[in-house]
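I opened a new page for this entry and wrote down what I looked up, in the order I looked.

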Amino acid sequence: MKSVALKILGALVVLWAAATFTFFVQAALPGDRATLLLNQDSGQIKKRTAAELAPINEEFGFDKPLVQQYADYLGGLATGDLGISYQKKAPVTEIIGEQILPTVWLTLAALVAAWVIALLLTLFTTRRSRVVKTLGSGFETLSAALPHYWLGVILLVVFAIQLSIFPVEGGTSLYGLILPALTLAIPLAGFLGQVTRDEFENVLDEPFITSARARGMGDFEVRWRHALRHAVLPAITLSGWALGALFSGAVIAEIVFARQGIGQILVTAANARDVPVVAGIVMVVAFVYVIANLLVDLAYRIVDPRIQT
Amino acid sequence: MSAAPITPVGPATTRVDVSGALRGVRPGLALAFAIVGFFVVSALLPALLAPYDPFDVNLRDALQAPTLAHPLGTDQSGRDVLSRVIYGARESLYIGLAATALSLTIALVLGVAAGLSGKFTDGVINRFIEVLFAFPVLLLALLFVTVFGAGTTTLIVAVGVGTAPGYARMIRGQVLAVKNSGYVEAAGALGHSYPRIVRRHILPNAMRPLVVLLTLGVGQAIVWASGLAFLGLGVAPPSPEWGAQLDAGRTYITQAWWLEVMPGLAIVWFALALTAIGRWIQQRLEGGQR
Amino acid sequence: MRTPKTLLPLALLAAGLTLAACGGNDSASGGDPGAAFAGATPVKGGTISYGHEQEPPCLIGGWVQQAYIERQFADSLVSQVKEGEIVPWLATKWKVSDDQKTWTFTLKPGVKFTDGTPLNAAAVKTNFETWLNPKSLNPTVDAYIGEYYKSSKALNDTTFELTLTKPYAPLLSALSQGYFGILSPKQLAKGPQVNCEQPVGSGPFIVKKWNRGKNIEFVKNPNYNSAPANAKHQGPAYVDGITWKFLGDQTVRYGSLTSGESNVIYNVPTVNWKDAKQKFEVQQYITPGRPVTFSLNTVKGPFTDKLVRQAFGYAADRKAAVESAFNDVIPYNGNGALSQSTPDYDKGLADAYPYDPEKAAQLLDQAGWKENGDGVREKDGKKLTVNLVYPAGAVFSAEGATALQNIQEQLKQVGFDAKLTAATQSEVFSGKYSTPDSYDAITWYWTSPTAGVLYIVWRQNLKDRPNGNNSSFYNNPTLENTIEKANSTLDPAEQKALYAKAQKIIVDEAAAIGLYTQTTSLASEPKLRDVWIENSQGEPVFHDAFFAKEGGDS
C-alpha cells in the first residue's frame with residue numbers, strides 16, 4: 001500500500017515539474033502575444049498600438065504579474081482547466097478531448113503492430129540458418145534506422161497514391177489507420193526486435209531451456225512457451241519509453257497523412273504560439289506517460305513473477 | 001505451425017557465436033566505415049567530392065531525373081542533388097555531433113551525480129530525469145522552436161535536451177554498477193580516498209559506454225533534426241541540410257521522386273553505418289572486459 | 001524538355017512491387033474532360049467532398065481563409081463580378097448622396113437567418129457595429145472602412161443607411177468580400193467564443209459541425225432565398241451539403257482527388273497542374289489586390305538609396321525565377337503595386353525592372369557600391385548585405401521559397417550578398433518583422449478586389465496615425481494624396497488615371513518590387529458541375545454545384 005501511495009506522489013511531483021517547466025519556457029517567448037493574436041486573426045503583419053493591445057492583454061491576463069499567471073495556471077490544472085486557446089477561443093480541455101482519440105488509436109495500433117512484427121521476427125528468425133538470421137536482423141537494423149517522416153511519405157506515395165491500395169486521406173476508418181500505424185510501427189518493431197533478439201539468444205542458452213528440450217518439447221513450443229516470455233521483459237520496459245517516441249512519430253504521421261489528431265493541433269498551435277494549447281498537450285502527454293509507466297511496472301510483475309513486492 | 005528443425009544448441013556455443021557474428025559483420029562493417037568516412041570527408045572538404053556548386057541555380061535543368069551528369073538528379077532550381085547531399089553533410093553532422101555532445105554532457109552530469117550521491121539526492125535527480133522523459137523529443141523541440149524561433153541552435157538544444165534523459169539513466173546505472181562492484185570496495189578497503197576512487201575507478205569505467213552512445217546518438221540526432229526541418233521548423237532552404245532537402249522535395253514527390261529518396265537514403269545509410277560501428281565498438285568493449 | 005518521370009524506383013525500393021497503372025479518371029479525349037457532362041441539367045442531392053488547404057483558428061474573422069468559409073454560410077450586401085462591376089445580393093439597390101458620404105441600401109425583403117431571425121436593416125447595423133467594436137474587432141473590416149466609417153442607421157426594415165466621414169469609392173467592392181458577410185445578431189450576442197465555432201448567417205449552407213483538424217460539415221439551407229445576382233440559380237443549393245476537409249499536404253490533397261476521395265480540391269499543386277488539366281475540370285483565379293512583392297526597407301540599410309532599390313529590381317530575372325519555380329502555372333507580376341487582375345491595374349508597368357544585370361551593376365556603381373575581390377560589393381567599408389525575410393510554410397508555399405532561392409543566386413552575381421530568412425508563421429504574426437531594423441526586404445501580399453487597397457498598404461506611417469501595413473516604411477505625402485483622391489472619385493476615368501499615377505510612383509521609386517500573383521485554383525471531377533470562384537477574394541462557391549448523372553440514364 002505504502003509503495004503505491006509513494007508512486008502516486010512521485011507521479012504528481014513529475015506532473016507538477018512538467019507543468020512548471022512548460023509554463024516558464026513558454027513565458028520566455030520573445031515577441032508580443034497580443035500582437036500575435038491580432039495579426040493572426042487578420043492575416044496581417046504590423047505593429048499594433050497600445051490601444052489595440054489593451055483589451056487583448058486584459059482578456060487573457062497578459063498584463064498580470066508572471067507569478068500570478070503561474071498561480072492561475074497551476075490552479076487551473078488542478079481543476080482540469082487548461083485555459084482557453086488564444087487562437088480557437090475554446091477551452092483547451094475541449095479541443096484536446098476532441099482530438100485525442102484518433103491519436104490514441106494510432107499510437108495503440110502502432111504499438112500492437114510493432115510488437116506483432118517484432119515477436120514474429122524473433123520467434124522465427126533467431127538461431128535459424130545463417131540466411132534467415134541475417135535477413136531477420138538485417139530487417140530489424142534497417143527498419144530501426146528509418147525516419148518516420150521519410151517512411152510515411154514513401155508508404156503514402158507508393159501504396160495510397162500510386163497503387164491505390166489504401167485511402168489517401170487517413171480518415172478515421174480502420175482501413176485508413178493501416179499506413180499511418182505502419183509508419184510508426186516499422187521503426188519501433190526494428191528497435192524492439194533488436195532488444196528481444198539479444199535477450200532471446202541468451203535465454204535459449206539457459207539450463208531450463210536445455211532441460212525442456214531434454215523432456216522432448218518441440219522447438220516451437222520451447223521458443224513460444226519458455227524463451228519468449230523471458231526475452232520480452234526488457235522490451236516491455238522499453239514500451240513505456242517508446243510511448244514518447246511513438247507520440248513524436250504520431251505527430252509526423254498525422255501531418256503526412258493529413259490525419260485528425262493531437263499532432264495536427266500541436267504543430268498548428270506551436271506555429272501560432274497558442275500557449276495554452278501547447279502547454280495543455282504537453283501536460284496530457286506527460287500524464288499519459290506517467291500512467292503508462294505505472295502500467296508497465298505492473299505488466300512487468302505479471303510477466304516476471306520473480307519480482308514480488 | 002510445425003516445428004522448425006532443431007538447431008543444436010549447447011552452452012559452449014556462446015563464445016563461438018559472438019565471434020561468428022563478428023565475422024559475419026565484417027564486410028558490412030567495412031562498408032559502414034566507408035560510408036561514415038565518405039560523409040566525414042564531405043563535411044570537412046565538400047569541394048573535394050562534389051561535382052558542382054550546391055547553390056548553383058540552373059533553371060533550364062530543373063527537375064532532371066538521375067543521369068550520368070547528375071547521378072542523383074537535379075532539384076526544382078536545377079541544382080545538383082549529389083552536390084547538395086555532400087554539402088548538406090556538414091550541417092547535418094554538425095547538428096548531430098553538437099546535439100549529442102550536449103545530450104551526453106547533461107546525461108553525464110545527471111547520471112554521475114545521481115549514481116554517486118546519497119539516496120535522497122539520487123531520488124531527486126531521478127525524478128528530474130523522469131520529468132525530462134515525459135517530454136517526447138519532438139514535442140520538446142516544437143516547444144523550443146515556438147519560443148526561440150527555428151534555427152540551428154534551437155535544433156541542437158532541443159534535440160540535445162530531449163535525448164538526454166535516456167542516456168542519463170544508462171550512465172547512472174553504469175555508475176551504480178561500478179560503485180557496487182568488488183574492486184571499488186577493494187580500493188576502499190585499501191584506504192584510497194573517495195575522490196580518488198571516483199576519479200580513478202568509477203568515472204573511467206562509467207565512461208566506457210559513452211563511445212557507443214556517441215555513435216548511436218549522432219545518427220539519432222540527425223534523424224530528429226531532419227524531422228523538424230521536414231515539418232518546416234528546422235534549418236531553412238537554400239541550406240542543403242538533409243532534412244531541409246526532404247521538406248522541399250516533398251512538394252515534388254509525385255513528379256521527381258529522387259528529391260525525396262536521395263537525401264532520405266543519405267540519412268538512412270549514415271544512421272545505419274553509425275549503428276553498425278557503434279555495435280562493433282560495443283562488442284569489442286564487452287569482449288575486452290571479460 | 002522534361003523526361004517522363006515515374007515512381008517505379010520508389011515502388012521497387014519500398015517493397016519490390018511492380019508499379020500498377022495509376023489514375024483511372026481519364027476521359028476519352030485529352031481535350032476537355034468535362035465534355036461528356038456539358039450542359040447537363042441540375043440534379044439534386046449528394047454531398048460535395050471538398051479538399052481545402054489551411055484551417056483557420058475561427059470560422060469568422062479577417063483572414064482570407066475565413067472569407068472562403070464565410071462565403072458558404074453568409075451573404076454579403078453586394079457581389080463583385082469581373083472588371084469591378086457590382087451586382088445586387090442582400091441589397092437589391094443602393095444610392096449615394098451627392099457629397100458621397102451617405103449610402104442608402106435597400107435590402108431584399110423576407111430574408112431570414114438560418115436561426116429564424118429576420119435579416120433586416122437593424123441586423124445589418126448590428127454587424128457593422130460588431131465588426132468595428134474594439135472588443136470584437138474584425139481587423140480586415142477595420143483596415144478597409146475603419147477610417148471612413150461614421151455611423152449606421154436602420155431607416156426602416158429594409159432600408160439601411162451608412163454614413164462615412166469622407167468619400168470612399170471602393171466601398172462596394174470592399175463590402176463584396178466574405179469578411180463582410182452579414183451574421184445573425186441573435187447569435188452574435190452570444191459572444192466571440194460561440195461565433196468562432198457556430199456562426200449563423202443566411203447563406204446557402206449551414207455550419208453543422210466543425211471537427212477541428214479534420215473538416216467542417218455544412219448542410220444545405222433548405223429555405224435559401226438570397227443568392228446574389230451573379231449566381232447561376234436562385235433558391236436552395238442543389239447538393240445536400242459540403243464536407244470541407246483540411247488537407248494541408250499538397251500530395252495528399254491531389255491524391256485524394258485522383259483516388260476519388262474528394263470531388264473537388266483547392267490549390268492544385270503546380271507540379272500536378274498539367275495532369276489535372278487532362279483529367280479534371282480546372283479553373284484558376286488570379287487574386288486582385290497587392291501581389292506578392294518585395295517591400296524594400298526605405299528608411300534603414302542599403303535600400304534607403306533609390307538607386308540600390310532599382311538595381312535590386314534589375315539584378316534578377318524574376319520572371320524566369322517565378323515561372324520555373326511555379327512550373328509555369330502562376331503568373332509573374334512585374335508591377336510591384338497591384339496584381340494584374342485588379343480593376344484599374346496599369347498594364348504599362350507589367351515589365352517594370354526587367355532582367356538587366358549590366359544596368360544593375362551600373363546603378364550600384366553610381367550609388368557608390370563598388371566591386372571588390374570577393375564578389376560582394378562594398379561602400380565605406382560596409383558590405384552590400386541584404387536580409388530578405390519571407391514567411392515560411394503554407395502562407396508562402398514551397399514554390400514561392402524556390403523562386404526566392406532562384407533570385408538569391410542571381411543577386412549574388414551582381415554583387416549583393418543576399419541572405420534569405422524563413423520566418424515561421426508565429427514570428428511573422430508576433431510582429432518580429434514589423435520594424436525597420438528587422439529586415440531589408442520582406443515579401444507579403446494583400447488580396448483585395450479594389451485598387452483602393454493601395455490606401456491600406458501605402459498610406460504614410462506617421463507617429464499620430466501609424467500604418468503598420470506600410471512594410472516599406474515609405475512615407476510619401478504625394479502618393480497618399482493621390483490614392484486618397486482616387487478613393488473619393490466616382491468618375492471611373494479620372495479614378496483610373498489617379499490609381500495609375502499612384503502605381504507609377506510606387507514602381508518608379510522601387511518601394512516595392514513585384515514577384516507573382518496570389519491565385520485560387522480548383523480542380524473538380526468532371527461530373528461535378530458549376531462550381532465557380534467568386535471575384536472579390538477567390539472564394540469557392542458551391543451553391544450552384546450539382547452532380548450530373550452519368551450517360552443520360554436519369
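**Domains of chain C**

I began inside chain C, where 18 residues of domain 1 of chain C are in contact with 13 residues of domain 2 of chain C. The model is predicted.

I then checked the bounds. Domain 1 of chain C is assigned 2–14 + 26–286 + 519–552, and domain 2 of chain C is assigned 289–449 + 510–516. I found 33 Å between the C-alpha centres of domain 1 of chain C and domain 2 of chain C.

**Chain C against chain B**

Next I looked up the contact between chain C and chain B, to which chain C gives 29 residues and chain B gives 26 residues. Helix 13 of chain C gives the most, with 8 residues. I sorted this side of chain C by class and got 12 nonpolar, 12 polar and 5 charged residues.

**Chain B**

Last, I turned to chain B by itself. I counted 11 helices and 0 strands in chain B, and its elements run α-α-α-α-α-α-α-α-α-α-α from the N terminus on. Of the 290 residues in chain B, 52% are buried. I also looked at contacts in chain B with a separation of 6 or more: residues 24 or more positions apart account for 66% of them.

Methods. Residues numbered from 1 in each chain as written. Chains lettered and ligands numbered in written order. Predicted model: local features only at pLDDT ≥ 70, side-chain atom pairs only at ≥ 80, totals over all residues. Contact = placed C-beta atoms within 7 Å. Helix = DSSP H or I, 4+ residues; strand = E, 2+ residues; numbered from the N terminus. Nonpolar A, V, L, I, M, F, W, Y, C, P; charged D, E, K, R; others polar. Buried ≥ 20, exposed ≤ 12 C-beta atoms within 10 Å, placed from the backbone. Domains from an automatic or database assignment.
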